[in-house]
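Student: I would like to learn how to read the packing of helices, domains, chains and strands. Where do we begin?

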Number of protein chains: 2
Amino acid sequence: MAGVSSATVSRVINNHPNVRPEVRARVQRIIAETGYQPNAAARTLAGQRSRIVGLVIPQTAHILFTDPYFPRLIQGVTHACQVHDFTLSLFLFHAVEDEAKLSTRILKRQILDGVIVTATQIGDPLVREMLASDIPFVLIGQDGTEAVSFVDADNEAGAYTATSHLIRLGRKRIATITGPMNNLAGVNRLNGYRNALRDRGRRAEERLIAHGDFTEASGYAAMQQLLAHHPDAVFVASDTMAVGALRALHSAGLRVPQDVAVVGFDDLPHSGTFNPPLTTIRQPIKRAGMIAFETLLDIVEHGLEPPRRIILPTELVIRQSCGAAALS
Amino acid sequence: MAGVSSATVSRVINNHPNVRPEVRARVQRIIAETGYQPNAAARTLAGQRSRIVGLVIPQTAHILFTDPYFPRLIQGVTHACQVHDFTLSLFLFHAVEDEAKLSTRILKRQILDGVIVTATQIGDPLVREMLASDIPFVLIGQDGTEAVSFVDADNEAGAYTATSHLIRLGRKRIATITGPMNNLAGVNRLNGYRNALRDRGRRAEERLIAHGDFTEASGYAAMQQLLAHHPDAVFVASDTMAVGALRALHSAGLRVPQDVAVVGFDDLPHSGTFNPPLTTIRQPIKRAGMIAFETLLDIVEHGLEPPRRIILPTELVIRQSCGAAALS
DNA sequence: ATGAAAGCGCTAACAT
DNA sequence: ATGTTAGCGCTTTCAT
């Protein structure tokens, strides 16, 4: 004790106004000298705030988890946590059964001030559960539910830009490899592709649309399937699938970009080192993670209403795989 | 209330023996019906156990964090946490300054029952700090400190196997791209390489040893450097660096495995889809994460002494890049 | 501006 | 085998 009551120490730590500056300074000195840190459990119990948020990654994302997308996202969220002196807890579901534990183990124990949920499918039961529990939460990406706060990239605009770019380069048979159709990012990127063609008086040919699931293997399979219809360009809805597509193209002896131009989506850390370096739509993954946290914090502190709906811009990053570099 | 005191409820929840079976059943029924979950903060405060462990990833690993190695590891740790009803908190350091917060923010607040630390450098100050704080912790990998519990792959044996394999295939000028020399995995893999050559009466040529830092870019640079000395094989100390090495080889117009055989280390999820598919040393990354957690749990429950030192076996996975497949 | 005291929801030691 | 009670270390009224 530094000559004051524990109540005063508490006021100092929590920056309450009613403390004489000189007392405050003295207490702070003692804190620094002794290396005192308040016990987190006691604060949580007394104050009803844990300063812990959860990052929930559903089972559907399990196979995607080694994709560099998630590390980037985690970097963003942890960085924001760091800045605001929050702790991040990770909930990674390995099987569908695990998700049943979400409500009991995670939500009802009141350890979390809020939750960030990522990579949901359309109408994800996880989201319904969260909604029912009235815990503050924000989605990264959308699940199609109205009145849910989210941070998302402008998937449709990004896909539109990518496809327009290929049209502008004079490509005639522009195919696409989509994401999963039970995922709104997958759907929106396909919409962007369709709209870009439509706005230039072309109709999307169904044979030039192949579905993937955001994995590299699915990109490979989808590209092989498209080959039969001789595309001269392909917009791939994720960079990871683009890796697979490039492999399929190489195996078939086709040159990129001369025979087939390729544009991806994501701009992952290694996309610039693909062979050839990948032209792609950059989405600010790390920033999305940071903004998701900050939005969540705002909700925790100022209430759930109205739902925050944040859409982040994307940009076209031109490298070699689209053939534009060769022209200029 | 189900007709009993809170103490009895507590006994039921914590599986204390002294409860009549019929009372226990009744209480459990009520718990199930009401969906009651004990408040985690109160339990922690009263019981001195939080059932939360931390996973600490130092700043030195920041640039490596998008490597699929970390997701695998995280999958292992979260899976084990799931099974034992623990929660995982992630501490990812973005800058050296952040690490200063480890002790104050993380260790002294007593939120964590224990900590798993990964990817340390030799003599990492982080480890010294943990040691000083007497919190239970285990390393994934080693930092060279004696009397510290760790789980590690048998890096030296793995590298020895890889190099021996290349020798057996008749390669004469076997180079290596190493990991960083301030990292014990890097050092041990180099030792394995040297020993394999020595045991077959060869001397490692210093010109055929190029240093990398486990990033793809460093693998590319190191391979370019080695090219001047005309290796006919190269053991690359990580699959991610092998991607870079393969790129350098392709750019130089060399064929893999005909001109240069390549063997990697890790067996990351995508290593089988490289061009050509990569022969590599598989280390059980996910399992290392699980075992690290279980070892930590053992330490938390049964004390720090003696330090657990666990070394996991590796295995050679033969694919196309080493040229063995072509021979058989 | 500060201190005293109640209480957050549990666990554990002590009675019975 | 079960209930009673005293904390765990804070925050937050309520006095002063």
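Tutor: With contact: two residues are in contact if their C-beta atoms, placed from the backbone, lie within 7 Å. Keep in mind that this is a predicted model.

Student: Which residues of α7(A) meet α8(A)?

Tutor: From α7(A), the residues are A:N155, A:E156, A:A157, A:G158, A:A159, A:Y160, A:T163, A:S164 and A:I167. They meet A:A185, A:N188, A:R189, A:N191, A:G192, A:Y193, A:N195, A:A196 and A:L197 of α8(A). By class, this contact has 8 nonpolar, 8 polar and 2 charged residues.

Student: How is the geometry of such a pair described?

Tutor: Two packed helices are described by the angle between their axes and the distance between the axes. Here the axes of helix α7 (residues 155-168) and helix α8 (residues 184-199) of chain A cross at roughly 40° and come within 7 Å. Because of that angle, α7(A) is oblique to α8(A). The crossing of the two is right-handed.

Student: Which domains does chain A have?

Tutor: The domain assignment gives domain 1 (6-38), domain 2 (52-153 + 285-313) and domain 3 (155-283 + 316-327). In chain A, the C-alpha centres of domain 2 and domain 3 lie 29 Å apart. Their contact takes 14 residues from domain 2 and 14 residues from domain 3.

Student: How many residues of chain A are in contact with chain B?

Tutor: There are 41 residues of chain A in contact with 41 residues of chain B. On the chain A side, α4(A) gives the most, with 8 residues. By class, that side has 14 nonpolar, 19 polar and 8 charged residues.

Student: What about strands?

Tutor: Strands of a sheet pair through backbone hydrogen bonds, either parallel or antiparallel. Between the chains, β2(A) and strand β2 (residues 87-92) of chain B run antiparallel and are joined by 3 bridges. A:S89 has B:S89 as its bridge partner in β2(B).

Student: What is the strand order of the open sheet in chain B?

Tutor: The order of its 6 strands is β7-β6-β8-β9-β10-β12, with mixed pairing. The edge strands are β7 (209-211) and β12 (315-317) of chain B, each pairing on one side only. Within the sheet, strands β9 (residues 261-266) and β10 (residues 279-282) of chain B run parallel, joined by 4 bridges. B:V263 stands opposite B:T279 in β10(B).

Student: Which strands does helix α8 of chain B touch?

Tutor: Helix α8 (residues 155-168) of chain B packs on the sheet and touches β6 (174-178), β8 (233-236), β9, β10 and β12 of chain B. Its direction makes about 165° with that of β9(B). Helix α11 (residues 239-251) of chain B lies across β6, β8, β9 and β10 of chain B, at about 155° to β9(B).

Note on methods. Residues numbered from 1 in each chain as written. Chains lettered and ligands numbered in written order. Predicted model: local features only at pLDDT ≥ 70, side-chain atom pairs only at ≥ 80, totals over all residues. Axes fitted to C-alpha atoms, helices over the stretch in contact; angles between N-to-C directions. Parallel < 35°, antiparallel > 145°, perpendicular 65-115°, else oblique. Left-handed = near helix turned anticlockwise from the far one by under 90°. Nonpolar A, V, L, I, M, F, W, Y, C, P; charged D, E, K, R; others polar. Domains from an automatic or database assignment. Pairing = 2+ DSSP bridges.
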